[in-house]
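This report is meant for a reader who meets the structure below for the first time. Please keep the sequence and the model in view while reading.

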Amino acid sequence: MTPTPSAPQSVRVSWVFDVISPFAYLAFPRLAELPAGVELELVPVLFAALLDHFGQRGPAEIPSKRRFTYRFVLWRARRLGLPLRMPPAHPFNPLAALRHAAGTVLQAVFGEGRDVSDPAVIADLAAQLSVADPRAALADPAIKQRLRDNTQWACSRGVFGVPTLVIGAELFWGHDALDMALDYLKQPQAFEDPDMRLIDSLPIAAARTLTKAG
């Protein structure tokens, strides 16, 4: 008698994001392409805290990079057939919006160009998400602590940007790394060949001295 093959073991995948990131908006619809058996966890974090932890500047803090980034996002959205409208100001304070459901907020910010620092917009999103008392929800210490814990967890895993897919010990950063992540889920052994392993021990031949801006 031929034994019945066992079902594939569930794989846990964490999607680390901040609603301040237009690339999270571009990536979110493609999460549906993750294969069956994947246990997807959405992990909202504060991107600014990741930057501080690793001593990085954000894209919006370098004027020429800021302009290119926004133009690239708009071009990319058009190529993907996604509506994109930048919010009234960017960057913005994402704290209130981060405590609501990801897809709804990302659509509001970058699909509709709404200002999620506006309490009226937050109230409207809360109604869409059936949150009875948005002010109480935003002030809930447990929710605030969860966001801090998420950010600390991401830093401890080496997550340096958003969005990032965390699969085991591997990080897949950026909306354009999803294809790489899908390949990894299908055939992780392909990422263990000698060339891939060499990267882990590649020596640094020169390093620049970092100085604080200003």
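Predicted model: local features only at pLDDT ≥ 70, side-chain atom pairs only at ≥ 80, totals over all residues.

## Terms and model

In what follows, Ala, Val, Leu, Ile, Met, Phe, Trp, Tyr, Cys and Pro count as nonpolar, Asp, Glu, Lys and Arg count as charged, and the others, Gly among them, count as polar.

## Overall layout

The protein chain holds 10 helices and four strands, and from the N terminus on its elements follow the order β-α-β-α-α-α-α-α-α-α-β-β-α-α. Its C-alpha trace spans about 60 × 55 × 40 Å along the principal axes, and of the 214 residues of the chain, 35% count as buried.

## Strand S1 and its partners

Strand S1, made of residues 11-17, is mostly covered, since five of its seven residues are buried. S1 runs parallel to strand S2 (residues 38-44), and seven bridges join the two; within this pairing, Trp 15 stands opposite Leu 42 in S2. On the way from S1 to S2 the chain passes through helix H1 (residues 22-27), and the β-α-β crossover formed in this manner is right-handed.

S1 also pairs with strand S3 (residues 164-167), here in the antiparallel sense and over four bridges. In this second pairing, Val 16 has Thr 164 of S3 as its bridge partner.

## The cavity

How many cavities of 30 Å³ or more does a search of the whole structure find? The search finds one, and the space in this largest cavity comes to about 50 Å³. Its lining is formed by Trp 15, Ala 27, Leu 31, Pro 163, Thr 164, Leu 165, Phe 172, Gly 174, His 175 and Leu 178. By residue class, this lining divides into seven nonpolar and three polar residues, with no charged residue.

## The largest pocket

The largest pocket holds about 840 Å³ of space. It is lined by 32 residues, and those that lie nearest its centre are Phe 23, Phe 47, Gly 58, Pro 59 and Val 162. The elements that give two or more residues to this lining are H1, helix H2 (47-54) and H3, and H3 gives the most, with five residues.

Which classes of residue make up the lining of the largest pocket? There are 18 nonpolar, eight polar and six charged residues.

## Aromatic pairs

The structure holds nine aromatic pairs. One of them is formed by Phe 23 and Phe 72, which are tilted, with 6.2 Å from centre to centre and 40° between the planes. This pair links distant parts of the chain, for Phe 23 lies in helix H1 and Phe 72 in helix H3 (residues 63-80), 49 residues apart. Phe 72 has a relative accessible area of 26%, so it counts as partly exposed. Phe 23 and Phe 72 also belong, together with Phe 68 and Trp 75, to one aromatic cluster.

A further pair joins Phe 172 and Tyr 184, whose ring centres are 5.4 Å apart and whose planes meet at 50°, so this pair is tilted. It too links distant parts of the chain, with Phe 172 in strand S4 (residues 170-173) and Tyr 184 in helix H9 (residues 178-186), 12 residues apart. Both Phe 172 and Tyr 184 are buried.

## Backbone details in the loops

A cis peptide bond, with omega about 0°, joins His 90 and Pro 91, and Pro 91 is found in the loop between H3 and helix H4 (95-98). The peptide bond from Val 162 to Pro 163 is also cis, with omega near -5°, and Pro 163 has its place in the loop between helix H8 (141-156) and S3.

Ser 130, although not a glycine, has a positive phi of about 60°. Ser 130 is placed in the loop between helix H6 (119-128) and helix H7 (134-139). Why does Ser 130 count as exposed? Its relative accessible area is 67%, and exposed means over 50%.

Terms used. Residues numbered from 1 in each chain as written. Heavy atoms only, no water. 1 Å grid on protein atoms, 1.4 Å probe; cavity = no way out; pocket = protein on both sides within 12 Å on 5 of 7 lines; lining within 4 Å. Points joined across faces, edges and corners; volume = space filled by probe spheres on them. Buried < 20%, exposed > 50% of the residue type's maximum accessible area, 1.4 Å probe, protein only. Pairing = 2+ DSSP bridges. Right-handed = clockwise from strand over helix to strand, strands pointing away. Phe/Tyr/Trp six-rings, centres within 6.5 Å; stacked < 30°, edge-to-face > 60°.
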